[in-house]
Amino acid sequence: MDIYPPIDQRFSPFEFYSSMRKNNPVVYDDENEQWGLYRYSDIEKILRDPLKFSSKFGPFLVPQEFQKNLNRPSILNSDPPYHRKLRSIVDTLFVPIEISKLGPRIEDIANGLIDNIVEKGNTTMDIITDFAYPLPATVIAELLGVPYEDQDTFRQWADNIVSLEVTTGSSGIDSIRKADETVADMDIYFSKLIEKKKKIPTNDLISHIIRAKVDEQSLSETEILSFCSLLLNAGHITTVNLIGNLVFSLLENPEEFKRLQENQNSLIESAIEESLRYRSPAQFVTRVANTDVTLSEPVDEGRQHIREIKKGQKIALFLGSANHDETVFTDPERFDITRKNLRHLGFGTGIHFCLGAPLARLEGQIALKVMLERLENFQFNFDYSDRQDLYRKVSPLKSSFLLGLSHLSLRFQCKTKR
């Protein structure tokens, strides 16, 4: 059984996930040789147990020939104690109190992007290309100390990485090969930049990583390169899709959008959290069993099916399904920005809880605030007859890992000048 949502449901996999939670919450995919898990309780338990479930073969399940580049050691795919040592290098830089200091600069960038659109006399924009992408890309470029003018190159790299298909077949191998080549190109780029910063260090993340020591030893070249590529891509990919998914969900649910407009100050934060739950940018993470594990699967009339996950087997944990689990969230298929239960797994949980969560949340909040302040009557720049027609007219990412849009055209009226 294929454990991944069908391609035509990638932006709306809710029905697929619901069926899997009900009928196949723990299931083995023979073709892709991995387990798929869909229930909140199972997924949370595994994410909180790095001793039994290793991250060393994540986040991408790829053939051995591509492991060197795509699964080399990083914060994402390492276990304790090495993971703890790596994370300690940057953890203090991403705590909420430090990230909050970036607020004025993020707001300035967001307003500048709206200025660029309005000054051209435009009353339409592609929310992804014109706003959701350049905002976090500019922020992470400044934090890392990489040239802003290379932004188009960064986006192409990110597109190649997130388009990686984890399924078997020729299309999957082609995307894996492209991602592998992209990592090699990034290494060349960052190697040159690292040499410059070793000679002339500045107050940026790359310089900080170069100076960092683990067990009184500096990081290797490979470790520094892994940090650079991870922070560049992860530093903006989540926020791009958070903003795009949030705007889409608000326009798809006009009653919630109206509620937000009438209660902006009190509902912006909860709107961000509901978007992270409802359309989680990261749809799954992977683990490998360090030991034999038994999971029970409830079936009709109180009976149980027992599933035996063997040591060394790979597991895909579908966060997107966990965040719609009806045993945890009331009316989970409803987008509700006043929802009180915000225990979503949009950023994961446990030791691998997303390092950039505070930054993504702040960028999302500021992006939404600026749009509400500067624009009015913004809506889809196309007509549609019903929800299914709406889904047919948008452009989902070509990714099994990320849920988001590659483009989304909006029309609006400018409400205020900065």
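How many residues has helix α6, and what distance does it reach from its first C-alpha to its last? Here are some notes to read beside the model, starting with that helix.

1. **Helix α6.** Helix α6 has 17 residues and reaches 24 Å from its first C-alpha to its last, close to the expected 24 Å. That expectation is 1.5 Å times one less than the number of residues in the helix. After α6 comes Gly 121, with a positive phi near 80°.

2. **What you are looking at.** The model is predicted, so local features need pLDDT of at least 70 and side-chain atom pairs count only at pLDDT 80 or more, while totals for chains, interfaces and linings use all residues. Residues are numbered from 1 along each chain as its sequence is written, and side-chain values use heavy atoms, with hydrogens and water left out.

3. **Overall build.** The protein holds 17 helices and 14 strands. Its radius of gyration is 21 Å, close to the 22 Å that the globule rule gives for 418 residues, so the protein is as compact as a globular protein of that length. The radius is taken over C-alpha atoms, and the rule is 2.2 Å times the number of residues to the power 0.38. Along the principal axes, the C-alpha atoms fill a box of roughly 60 × 60 × 40 Å.

4. Of the 418 residues, 57% count as buried; buried means under 20% relative accessible area, exposed over 50%, and partly exposed in between (1.4 Å probe, protein chains only). In α6 the buried residues include Ile 106, Ile 109, Leu 113, Ile 114 and Ile 117, along with Asn 111 and Asp 115. Among contacts (heavy atoms within 4.5 Å), residues 24 or more positions apart account for 74% of those with a separation of 6 or more.

5. **Phe 154.** Which residues does Phe 154 touch, leaving aside neighbours within four places in sequence? Phe 154 is in contact with Tyr 133, Ala 141, Val 146, Pro 147, Tyr 189, Leu 232 and Asn 233. Phe 154 sits in helix α9 (residues 151-162) and is buried, at 1% relative accessibility.

6. **Backbone spots worth a look.** Most residues other than glycine have a negative phi, and most peptide bonds are trans. Pro 80 and Pro 81 are joined by a cis peptide bond, with omega about 5°; Pro 81 is in the loop between α3 (67-70) and α4 (82-90). Glu 33 has a positive phi of about 55° without being a glycine. Glu 33 lies in the loop between β1 (26-29) and β2 (34-37) and is exposed, at 54% relative accessible area. Glu 216 also has a positive phi, about 65°. Its place is the loop between β5 (213-214) and β6 (217-218), and at 76% relative accessibility Glu 216 is exposed.

7. **Ser 19.** Is Ser 19 in a helix or a loop? Ser 19 lies in helix α1 (residues 14-23) and is partly exposed, with a relative accessible area of 33%.

Technical notes: Helices (H or I, at least four residues) and strands (E, at least two) are DSSP runs, numbered from the N terminus.
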